[in-house]
Structure formats: structure tokens, C-alpha cells
Amino acid sequence: MSDKIRTVEGITKESTQAMIDEALSVYPEKARKKRAPHLAPNDAASGCASVKSNKKTVPGVMSARGCAYAGAKGVVWGPIRDMVHVSHGPVGCGWYSWGTRRNMMSGITGVTNFAMQFTSDFQEKDIVYGGDKKLKTLLAEAHDLFPLAKGISVLSECPVGLIGDDINSVAKTSAKELDIPIIPCNCEGFRGVSQSLGHHISNDTIRDYIIGTREFAEPSSPYDIALIGEYNIGGDAWSTKPLLEECGLNVKAVWTGDGELEKIAATHTVKLNVIHCYRSMNYMCKVMEEKFGIPWIELNFFGPTKIRESLRALAELFDDNIKQKVEAVIAKYDPIMQGIIEEYKPRLDGKKVMLLVGGLRPRHTIGAYEDLGMDCVGSGYEFAHTDDYDRTAPEMPDSTVVYDDPSEYEFEKFADTLKPDLIGSGIKEKYVFQKMGIPFRQMHSWDYSGPYHGYKGFEVFARDIDMAINSPTWNLVKSPY
Amino acid sequence: MSNLLDLEVKKIVETPPEEIERVKNWINTEEYKEKNFARQALVINPAHACQPLGAQLAAHGFEGTLPFVHGSQGCASYYRSTLNRHFREPAPAVSDSMTEDGAVFGGQNNLHEGLENAFAIYKPKMIAVFTSCMPEVIGDDLTAFIKNAKQKKCVPAELPTPYANTPSFNGTHIHGYDSMLVSILQTLTEGKKVEGRCTGKLNLIPGCDFNTGDYREYKRLLKEMGVPVTVLADISDTFDSPCDGSYHIYAGGTKLEDAADSINGKATITVGPYASPKTFTWVKDNFSGKHVSMPMPMGIAKTDDFLMKVADLFGKEIPATIKNERGRAVDAITDAHQYMHGKKFAVYGDPDYLMGYVSFLLEMGAIPHHILCSRGTKKIEKELQALLDGSMYGNGCKIYMNKDLWHLRSLLVTDPVDGVIGDSHGKFAARDANVPLFRFGFPVFDRVNKHRYPLVGYQGVVNMVTEICNKFIDIKDETCEDQQFELMR
């Protein structure tokens with residue numbers, strides 16, 4: 001958390017509110033009333049959310065949000081590498097989410113990892129007669145064709161819940177028959193208001209079906225931790241896990257980036273849970289705390305300032321051995337990071353960035369931009385809750401605009417007014433802003449780059465941000481004639 | 001300890017390396033292939049998406065049109081991001097964000113609120129409504145809902161609001177394309193037929209084609225022929241718009257008045273017969289002029305057929321410029337034939353593309369050894385077989401209907417080919433089989449600008465031959481022994 005309140009020249013609470021009012025002026029009254037509480041100037045001093053969140057999307061406004069299935073398959077389950085994840089229902093959902101999140105995996109595809117698209121490809125008859133029988137058959141087929149898969153998840157798409165299939169009972173029967181964990185997840189896309197409920201449902205499913213079902217073969221140590229809410233986007237976990245290990249900790253399981261089912265199942269025996277993406281996995285941290293007495297800590301691995309703060313906060317929870325190692329790690333990387341900052345900061349100093357990402361990065365990456373001399377002039381989430389916005393308030397400069405589940409129209413209007421030098425958001429937004437001549441990075445997927453986490457990631461991040469903002473191609477957007 | 005599956009708690013066991021090695025080899029065997037082909041229920045790596053995606057593509061092909069998904073909002077985000085990734089362009093579309101209460105009460109309130117907001121905010125000239133799973137399963141009555149919306153003045157009565165039922169549990173994206181297109185044409189042409197009037201224009205239905213270069217190529221060829229055309233639906237400017245510092249939500253599309261007048265056209269040709277059967281049937285019954293359904297003009301012969309048909313319908317000569325173009329394309333393929341002759345290929349994709357790939361390969365003396373269609377019918381199978389039967393290079397080639405890319409993988413590793421033609425999703429199977437993938441289909445997520453290079457027409461032939469032959473030559477250069485590495489190829 002930053003201790004002093006920052007401001008951005010030219011941005012006041014009044015100017016931000018005027019910009020919001022202007023954007024909403026085109027809306028029908030009902031929609032305007034619904035949207036207004038989701039847009040506000042940041043009140044940094046309060047440390048509290050200035051906007052409402054986690055409410056139903058207003059129909060027809062063009063939201064960037066996805067659905068519960070997307071949160072379950074794309075975020076929580078998809079990255080577990082040694083499971084077959086069945087998109088249960090029609091073909092589309094699984095096809096659209098196939099390989100598009102960039103959660104990288106080790107292993108051999110089709111042998112020890114299953115970064116593929118498995119679906120029951122529902123047809124009309126499955127809707128009419130139900131898909132339970134088909135599910136039972138396909139589970140056996142999956143087990144037969146992929147004998148090294150450690151388990152199978154069954155992720156329900158909309159029709160499954162609507163027609164009243166009982167995947168939980170099929171899973172239970174098949175799990176016994178095949179003697180592998182078959183995990184039913186009732187994450188139909190119509191549930192809830194965004195991806196967020198899909199995360200929650202998936203966490204509950206892990207609680208009910210997975211945690212506690214395995215034990216680590218090796219004896220435990222006081223330094224056993226799990227890394228939670230790290231999805232290995234662009235190889236992030238391959239930066240953070242070694243970093244934590246360099247600090248003397250044993251990372252027993254990663255949830256769920258390049259994840260392994262059995263290690264996740266044995267996580268109830270670690271001494272501490274380190275959580276990165278709070279939004280998607282705080283639920284299980286709380287469950288493990290209540291049920292197994294495992295404390296947890298939220299860390300931020302973006303940019304050297306936040307990494308340093310995070311590692312020291314982590315060290316506080318351990319003995320001198322770890323404290324010394326952490327200091328040694330910081331001393332080792334600080335000069336390297338300083339070198340990166342010296343290289344890029346002169347080209348990025350004072351540049352303005354606007355963010356719209358999922359549930360974590362709109363606050364967690366701000367420090368990394370600031371390390372490069374940049375200011376965040378607007379930030380918001382697709383599917384955050386009040387506790388996320390509370391955590392965001394102190395990270396953002398005062399009076400800058402906070403937007404919850406903004407429509408494309410609102411986002412475009414804000415960008416038009418604020419004229420940022422960079423926008424960090426998703427693929428649906430990318431080309432809108434690039435047409436406007438505004439440099440852009442996809443901040444869900446690291447734009448086919450990465451990692452961005454950890455010390456290793458900051459070097460890539462700094463290079464990418466510089467490349468986006470300072471590419472000479474932007475100078476050619478306006479034709480000379 | 002909770003364990004709702006009643007399985008016993010176990011110690012973590014690492015899979016022994018020799019077991020991994022065994023399975024790694026096993027999945028490349030004939031035995032595995034048989035097991036794989038015996039699958040009844042599980043689909044792995046399908047080469048098709050669902051109906052609404054195609055519906056959205058069709059909607060984007062009309063001026064000022066906002067695609068509107070009636071259903072869960074996640075669906076709209078998936079279609080949009082798929083189109084964004086393929087074209088590297090914006091794909092604006094809204095949804096009415098149905099949730100649990102929609103499942104109980106139906107989606108009318110969402111639809112009405114959504115239409116009102118979308119119209120006010122994005123000021124479309126047309127809103128094209130199509131459905132995802134949820135309203136299809138619960139049985140929403142779109143006809144009544146939209147009628148009511150206009151009565152309630154959610155949108156002006158005169159705003160065209162075509163709508164299509166596009167259930168994802170039936171057909172693929174090409175069927176959704178067809179349903180949306182026919183609905184748009186029905187809406188726009190209603191009451192527009194004028195006895196005795198003829199626009200003198202060709203209506204061209206390209207089908208569910210995701211290559212903007214193809215649309216431009218059709219228009220260029222027809223301009224060269226002196227044949228005025230209305231493309232139904234024209235996505236070329238929508239998904240290949242200039243970067244000039246401003247964003248236009250409706251960057252392209254066929255003018256609505258041209259689409260409305262298409263009912264009085266001189267002739268209508270569909271070159272995407274598998275992606276427009278409903279549309280074409282309706283057009284035949286309702287549109288003036290002649291109606292022709294023919295394959296996508298991929299390869300020399302199919303391009304010849306297309307141009308001769310246009311010439312015939314419009315009483316035009318094919319100009320010398322096009323004849324020269326043909327000559328140059330034939331020059332390119334005769335020059336390059338040695339790099340493709342006898343080479344074996346696996347091809348997969350949507351039926352219209354597949355017909356094109358196969359014709360083209362046979363023309364080149366290449367062998368379309370494995371032909372795989374993710375969702376197909378007896379009709380396409382018969383038509384593909386007829387193509388194979390018409391060429392000695394089709395001998396022994398096999399067609400696999402309703403198979404997926406995990407089946408393809410088994411084919412590639414047990415009965416190898418030299419190259420694969422398809423979309424980006426085939427890259428995993430191609431890599432496992434150590435053969436190049438030529439990305440000519442949809443989607444292409446992992447190469448730039450592919451959608452700008454036409455596959456149709458004579459230019460399409462040059463593009464495909466150039467890409468394929470140069471890749472084979474690259475492979476030779478990269479893999480040959482030093483003493484075989486030479487200047488000329």
C-alpha cells in the first residue's frame with residue numbers, strides 16, 4: 001500500500017465527475033441511474049471503494065465481461081495441467097476458451113498435460129433427452145485415451161443446468177468406476193453477474209471434492225508454502241516460483257498455473273498460503289485458514305517496489321534464515337532492476353496509463369508503471385467486488401476515474417478526454433484504441449509476451465511498455481496529406 | 001476431511017518416466033488410432049465453433065449494423081474476442097446479459113432493455129439479433145419479443161431488427177451465418193420488390209468467409225468485368241479498416257439500401273453453398289433474376305467457372321486483363337509445380353473451404369490424402385468424393401466426416417503427409433507430426449495479416465502456391481545436409 005496520496009495535474013474530483021456525467025448523458029434514464037454508481041473519482045484518502053460493483057451488467061451497453069463458465073474453465077480449472085477438463089454442453093464455450101488465456105504448461109500434450117479442448121458437443125437430442133448418459137460414456141473414453149490424466153473436471157455450460165442434468169451424480173459414479181477423481185463443477189454461464197461467480201463456484205468445488213484428498217509423500221518443513229492465484233500467464237509462475245524458492249521457501253503447490261491436481265489436493269498441509277490473485281482465490285485461502293489453520297498473505301509481484309515490499313512482508317512471517325535470504329535476494333536484484341529503470345524511465349517518465357482488466361491487475365500493476373515513472377489516470381475492473389476497490393483506492397492517484405464494468409462507450413469517452421499514452425486492457429478493447437492511435441497492451445494475456453511477474457517479469461514488462469508507447473509506427477497514423 | 005467422491009485419501013504418486021515414455025509412444029500407434037476413432041461421445045479439439053459466431057459475422061457485413069446477442073453475456077464476449085483475434089480488428093457487439101432470472105421468467109425484459117440501451121448509445125442503422133443457448137433452451141419467442149419491443153418503443157418501429165434463432169447445440173458457425181443472413185435479407189427487402197425493375201447488378205453471397213482479401217478480390221474482379229455488384233454480406237471494410245487516429249464503430253458493410261434493392265437484382269450467385277443453403281433457397285423463391293449456386297472459386301478451374309458464369313449471366317466478355325491475370329497465375333503454378341507435385345496433404349475445415357482446398361491441390365498434382373470435416377453431411381462427402389474421383393491424384397485419398405483434430409493427429413502420426421491445410425488449431429497435431437501447417441482457414445490467431453491475402457480467384461492461387469512451395473523450400477534449406485545446401489532450388 002502506498003503511504004502518500006498522489007495527484008495528477010489537471011485531474012480533480014470535479015473534472016472527473018464532469019467527464020462521467022458527460023459520458024452517461026447519452027444513456028436512457030434507467031440505464032444512466034444503474035451505471036452512475038459504478039463510475040466515480042477515486043478517493044485515495046478514504047482507502048475505500050468509491051464505486052458499486054459485482055452487480056448485474058446493464059443489458060445492451062457492451063460490457064467486456066464474460067460468464068461464470070469463463071471464470072471456472074478459463075481461470076481456475078484450465079491451467080491445471082494434468083487433468084482433462086471437459087466443457088460439458090455445446091461446442092462453442094470450450095472452443096472459444098481453448099488456448100486463449102496463455103496459461104502455460106509443462107509436460108507432454110496428450111500424455112501428461114491436456115492443453116486441449118474436450119467437449120461433449122451437445123446436439124439437439126442431448127438437450128431433449130439429457131446429457132448424463134453421454135457424459136458417462138465420454139468420461140470412460142477420456143480415461144481410456146488419456147490414462148495418465150490425474151483427474152477429470154466436468155464444467156457445465158448453460159444448457160446443462162437449464163435442462164436439469166445431474167452431473168454430480170454421474171461424476172460420483174464414474175469416479176468410483178474409473179478410480180480417478182472426477183470433479184463436477186456447476187459453473188453454467190448464466191449464474192451470477194460475471195466470471196467472478198465462476199471463480200467462487202470453482203473454489204467451492206475444490207473445497208468439496210479436492211482439498212485434503214492427497215498427502216505429500218515427503219515430510220513437511222516449516223518453509224512449505226503454496227502459491228495461490230498464480231496462473232502462469234506467459235510463464236509468470238516460472239518467474240515467481242523460483243523467486244520464492246530462492247528466498248528459501250518450498251513451493252509445494254501452485255494454484256493453478258502449470259498446476260498439478262494432486263499437489264493442489266495436498267495443499268492443506270502447507271504452513272502458509274501466498275495469494276497473488278485475491279479476487280479469484282481468496283475463498284479457498286479463507287477455507288484453508290478456517291479449516292486447517294493455514295494463514296495467508298496477499299503479495300504483489302509486479303515491479304521492483306512492490307516485489308521488495310512483498311518479499312519483506314513475507315519474510316516477517318518466517319525466521320531469520322528466511323529474512324536473511326530475502327534480504328540477499330533483494331540486494332541481488334535491486335541493482336539489476338535499477339539498471340532496467342535507468343534504461344526505460346527516461347522514455348516513459350510522466351506518461352499516462354489507463355487500465356481495465358479483470359479482478360487484480362487494475363491495482364496490482366500500478367506500482368510497476370510507477371516504477372517506470374508513469375501515472376495511472378484511470379482504472380477499473382470487469383468483475384471486482386468492493387474489497388478489491390477498497391484495495392485499489394490507495395494505489396491510484398486521488399480523483400482519477402474509477403470504473404466498474406464500464407461499457408465500451410464509457411471507456412472510449414474517458415480515453416477521449418484523458419488522452420492516455422497507453423491503455424492496458426483486453427483483446428476486445430485493443431483494436432478500438434489502436435485505431436484511435438493510442439498505444440495498447442493486452443493486460444490479461446500479456447499480449448503474447450510475458451512473464452510480467454517477478455524480477456524476471458519486470459524486465460519483459462518494461463521492454464513491452466516502452467515498445468508499445470514509443471513504437472515509431474504511431475507517428476505514421478496521421479497521414480501528411 | 002471432505003471428499004464428496006468417497007475416494008480414499010492417497011499419497012501423491014509421480015508417474016514413472018518409463019510409463020510416460022510408453023504412453024507417449026502409444027498415442028502414435030495404430031492401436032491408439034483405432035481406439036481414438038472408436039470414440040462415441042467425447043469430442044477432442046473440434047474444428048468448428050457454434051452458430052452465433054457465424055451470425056455475428058453476417059451482421060458485421062451490413063452498414064451501421066450492431067450485432068446483438070440475446071443470451072448470456074459471456075457468449076458475446078467469446079464471439080467478439082474470437083473475431084478480434086483472427087482479424088486483429090474491433091468487433092463491436094452487445095448482449096442483453098441474461099442471468100438466472102432470465103431462465104425463470106424468460107428473456108423479454110433483458111431484450112427490451114438491451115435494445116433500448118444499445119440503440120441510444122451506439123446509434124445503429126440496424127440491430128441484428130441472434131441467440132445463444134439459454135433463450136433457445138427455455139424457448140424464448142423472439143418474434144413476439146421484438147414485436148413487443150417496437151410497440152413499447154424500445155427502438156423505433158422503422159429500425160430494421162432482423163433476428164435469427166441460432167442454437168449452439170445444432171450445426172456450426174456456418175449455419176448461424178446462414179440463418180442470420182436470410183433474416184437480414186428478408187427484413188431489408190420486405191416490400192422492396194418492384195415488378196419490372198432490375199438493378200442490373202449481381203448479388204454475390206460469399207458465404208461464411210473470414211478472409212477480407214477474398215471479398216476485395218471478388219469486387220476487384222467484378223469491377224474489371226464491368227459487372228456492378230452488391231456483396232451480401234460485405235465484411236471487408238468492417239474487418240480491414242484503416243488506422244488513422246479515429247475509431248468508427250461501423251467501419252464497413254453493405255449499404256442497407258443496396259441490400260434492400262438486391263431483391264431486384266439481375267442475378268444472384270452464392271459461392272458459399274454450404275454456408276448459405278437457407279438463404280439461397282429463399283433468394284430463389286423471392287429475388288428477381290437468375291440464381292446460381294456454385295463452389296467457392298479456389299483454384300484455376302473453379303475461378304474460370306465463376307468468371308464464365310458471371311460473363312454468361314451479364315452478357316460480358318471476360319476482359320483481356322483478367323485473361324492475362326489467369327495466364328500469370330498459371331505461369332506461377334507451372335513454375336512451382338515441382339515443389340508440390342505428389343506431395344501429400346491433410347486438409348480440414350468448413351465444407352466450402354474444403355471443396356476449394358481439394359480442387360486446388362488436385363490441380364497442382366498434389367494429393368489431398370486426409371480430408372477431414374468436423375461437421376459435415378452426406379452431400380459434402382459425395383461432392384468431395386466426386387472431386388477425388390475426377391483426378392488420378394485423388395486415388396486412395398480418404399474423407400473423414402464428423403471427425404475432430406485429435407482424430408487428425410492419429411491420422412498424421414500413423415499415415416504421414418507432407419503438409420496440413422487448415423486453421424491455427426491444427427498447429428498442435430502438425431507439430432506432433434513434424435509437418436508444416438498452412439493457415440488458410442479460420443481462425444488464424446498466430447500469424448499476422450493472413451486474412452488480407454485472398455484465397456479465391458487467380459490471385460488466391462498465386463498466394464497459396466507461393467506460401468506452400470516456399471515453405472517446403474525453407475524446410476529443405478533448414479534440414480538438408482551441408483553438401484545438399486545449394487544456391488538454387
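Visitor: What makes helix H9 of chain A largely enclosed by the rest of the structure?

Guide: In this predicted model, 12 of the 15 residues of H9(A) are buried, so the helix is largely enclosed by the rest of the structure. To be called buried, a residue needs 20 or more other C-beta atoms within 10 Å of its own. Among the residues of H9(A) that pass are A:Leu197, A:His199, A:His200, A:Ile201 and A:Tyr209.

Visitor: What do the buried residues of H9(A) pack against?

Guide: They pack against helix H3 (68-77), strand S5 (182-185), helix H11 (261-265) and helix H12 (278-292) of chain A.

Visitor: How do you know that the span of H9(A) agrees with its number of residues?

Guide: At 1.5 Å a residue, its 15 residues should span 21 Å, and the end C-alpha atoms are 21 Å apart, so the two agree.

Visitor: What does that comparison give for helix H19 of chain B?

Guide: H19(B), residues 457-479, has 23 residues and reaches 33 Å from its first C-alpha to its last, close to the 33 Å expected. Its buried residues include B:Tyr458, B:Val461, B:Met464 and B:Cys469. Those buried residues pack against helices H10 (212-225), H13 (300-314), H14 (320-340) and H15 (351-363), and against strands S14 (419-422) and S15 (437-439), of chain B.

Visitor: Why is B:Phe169 called buried?

Guide: Because B:Phe169 has 24 other C-beta atoms within 10 Å, and the cut-off is 20 or more, it counts as buried. This residue lies in the loop between strand S6 (163-164) and helix H9 (173-189) of chain B.

Visitor: Which residues does B:Phe169 touch?

Guide: Leaving aside residues up to four places away in sequence, its contacts include A:Pro90, A:Phe122, A:Gln123, A:Ile127 and B:Cys133. B:Cys133 is 36 residues away along the chain, yet the C-alpha atoms of B:Phe169 and B:Cys133 are separated by 7.5 Å.

Visitor: How many residues does each chain give to the contact between chain A and chain B?

Guide: Chain B gives 74 residues and chain A gives 89. On the side of chain B, at least two residues each come from several elements, including helix H1 (17-26), helix H4 (73-87) and helix H6 (108-122). By class, the side of chain B that touches chain A divides into 35 nonpolar, 25 polar and 14 charged residues.

Visitor: What makes strand S3 of chain A and strand S2 of chain B a pair?

Guide: A pair needs at least two bridges, and S3(A), residues 118-119, and S2(B) have two bridges, in the antiparallel sense.

Visitor: Which way do strands S11 and S12 of chain B run, parallel or antiparallel?

Guide: S11(B) and S12(B), residues 367-373, run parallel and are joined by five bridges. Within this pairing, B:Val347 stands opposite B:Ile371.

Visitor: What makes S11(B) mostly covered?

Guide: Four of the five residues of this strand, 344-348, are buried.

Visitor: How do you know that chain B agrees with a compact globule?

Guide: For 489 residues, a compact globule would have a radius of gyration near 23 Å; chain B has 24 Å, so the value agrees. Along its principal axes, the C-alpha trace of chain B spans about 80 × 75 × 45 Å. Of its residues, 58% count as buried. Among contacts in chain B with a separation of 6 or more, 72% come from residues 24 or more positions apart. The chain has 19 helices and 15 strands.

Visitor: Which domains is chain B divided into?

Guide: The assignment gives domain 1 (51-189), domain 2 (202-241 + 249-296 + 304-313) and domain 3 (322-479). The C-alpha centres of domains 2 and 3 of chain B lie 25 Å apart, and 20 residues of domain 2 are in contact with 17 residues of domain 3. Helix H10(B) supplies the largest share of the domain 2 side, eight residues.

Visitor: Where do the domains of chain A fall?

Guide: Domain 1 covers 13-62 + 349-448, domain 2 covers 68-192 and domain 3 covers 224-331 of chain A.

Conventions: Residues are numbered from 1 along each chain as its sequence is written. Chains are lettered from A and ligands numbered from 1 in the order in which they are written. This is a predicted model: local features need pLDDT of at least 70, side-chain atom pairs count only at pLDDT 80 or more; totals for chains, interfaces and linings use all residues. Domain bounds come from an automatic or database domain assignment. The expected span of a helix is 1.5 Å times one less than its number of residues. Two residues are in contact if their C-beta atoms, placed from the backbone, lie within 7 Å. Ala, Val, Leu, Ile, Met, Phe, Trp, Tyr, Cys and Pro count as nonpolar, Asp, Glu, Lys and Arg as charged, and the others, Gly among them, as polar. The radius of gyration is taken over C-alpha atoms; the globule rule is 2.2 Å times the number of residues to the power 0.38.
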